[in-house]
Amino acid sequence: MRTTLNLSDSLVEAAKARARAEGRTFTSLVEEGLRTVLAQEIPTQRVAPLPAYGDRDGAFLVDPEDRDALWAALDADGAR
């Protein structure tokens with residue numbers, strides 16, 4: 001497939017020089033580079049678990065209508 005890429009002049013010059021030094025084409029060098037990058041695993045982003053408030057029966061550990069209790073709970077977790 002024929003395609004157009006917008007690459008910096010210095011990158012193309014360095015890649016062409018490397019290809020010449022290795023006795024291969026610029027296209028084969030670019031293909032190898034793309035295959036190498038695509039073969040790498042994509043790092044998964046570690047997601048912090050969501051905080052849980054309450055017990056398994058659904059009872060709240062802090063009364064949501066008690067503002068002072070809510071702020072105290074937040075301060076205890078260092079979230080404020």
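A salt bridge is a side-chain nitrogen of Lys or Arg within 4 Å of a carboxyl oxygen of Asp or Glu. The legends below apply this term to a predicted model, in which local features need pLDDT of at least 70 and side-chain atom pairs count only at pLDDT 80 or more, while totals for chains, interfaces and linings use all residues. Residues are numbered from 1 along each chain as its sequence is written, and side-chain values use heavy atoms, with hydrogens and water left out.

**Figure 1. Overall fold and confidence of the predicted protein.** The protein has three helices and zero strands, and its elements follow the order α-α-α from the N terminus. Helices (H or I, at least four residues) and strands (E, at least two) are DSSP runs, numbered from the N terminus. The mean pLDDT, which is the predictor's confidence in each residue on a scale from 0 to 100, is 85 for the protein, and 85% of the residues reach 70 or more. Among the elements, H1 has the highest mean pLDDT (97) and H3 the lowest (81). The accessible surface of the protein is about 7,900 Å², and carbon and sulfur atoms account for 54% of this surface. Accessible areas come from the Shrake-Rupley method with a 1.4 Å probe; for residues, only the protein chains shown count as cover. Of the 80 residues, 4% are buried. Buried means under 20% relative accessible area, exposed over 50%, and partly exposed in between (1.4 Å probe, protein chains only).

**Figure 2. The salt bridge between Arg18 and Glu22 in helix H1.** Side chains of opposite charge can pair when their charged atoms come close. Arg18 and Glu22 form such a salt bridge, at 3.6 Å from N to O. Both residues belong to helix H1 (residues 9-22), where they stand four residues apart, about one turn of the helix. Glu22 is partly exposed because its relative accessible area is 40%.

Figure 3. A search of the whole structure finds four salt bridges. Arg24 is bonded in this way to Glu22, with the closest N and O atoms 2.9 Å apart. Arg24 also forms a salt bridge with Glu32, where the closest N and O atoms are 2.6 Å apart. With a relative accessible area of 27%, Arg24 is partly exposed, and Glu32 is partly exposed at 41% relative accessibility. Through salt bridges that share partners, Arg18, Glu22, Arg24 and Glu32 are joined into one network.

Figure 4. Leu29 is located in helix H2. This leucine counts as buried because its relative accessibility is 17%. Leu29 and Ala19 are ten residues apart in sequence, and their C-alpha atoms are 6.2 Å apart in space. Lys16, a residue of helix H1, is partly exposed at 40% relative accessibility. From C-alpha to C-alpha, Lys16 and Thr27 are 9.1 Å apart in space, with a separation of eleven residues in sequence.

**Figure 5. The nonpolar surface patch of Leu5, Leu7 and Leu11.** These three leucines form a nonpolar patch on the surface and together have about 270 Å² of accessible area. Patches are made of residues with over 30% relative accessible area and no salt bridge; like charges are joined within 9 Å, and nonpolar side chains (Val, Leu, Ile, Met, Phe, Trp, Tyr) within 5 Å. Leu5 lies in the segment before H1 and is exposed, with a relative accessible area of 52%.

Figure 6. Glu65 lies in the loop between helix H2 (26-39) and helix H3 (67-77). Glu65 counts as exposed because its relative accessibility is 76%.
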